[in-house]
Amino acid sequence: MKKYISLLATALPLAALAHPGHGGTDGWTITHYFVEPQHALATILSIGGILLVGYAVRKRSSAKNG
């Protein structure tokens, strides 16, 4: 579990790196992060990772509780 959390903690800052002009939307709006492929992929992977870790934690805690 610690391996997944450290991987997620390492990968998330990479999605936040600043990069000059790309895409067709204004870079200072929330729409930019959901519409542009560079950000949309990172968003989908991040949410998927968070859900996966949450599922693993929940499964492990329910197994301990019997």
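**The order of elements**

From the N terminus on, how do the elements of the chain run? They run α-α-α, and the chain has three helices and zero strands. Here helices (H or I, at least four residues) and strands (E, at least two) are DSSP runs, numbered from the N terminus.

**How to read this model**

This is a predicted model, where local features need pLDDT of at least 70, side-chain atom pairs count only at pLDDT 80 or more, and totals for chains, interfaces and linings use all residues. Residues are numbered from 1 along each chain as its sequence is written, and side-chain values use heavy atoms, leaving out hydrogens and water.

The pLDDT, the predictor's confidence in each residue from 0 to 100, averages 77 over the chain, and 70% of the residues score at least 70. Confidence is lowest in helix 1 (residues 2-15), with a mean of 67, and highest in helix 3, at 87.

**A look at helix 3**

Helix 3 covers residues 37-65, and its 29 residues should span 42 Å at 1.5 Å a residue; the expected span is 1.5 Å times one less than the number of residues. The end C-alpha atoms are 42 Å apart, which agrees.

**Buried and exposed**

Buried means under 20% relative accessible area, exposed over 50%, and partly exposed in between (1.4 Å probe, protein chains only). Buried residues make up 11% of the 66 residues in the chain. In helix 3, the buried ones are His 39, Ala 40, Ser 46 and Val 53. Ile 30, by contrast, lies in helix 2 (residues 30-35) and counts as exposed because its relative accessibility is 60%.
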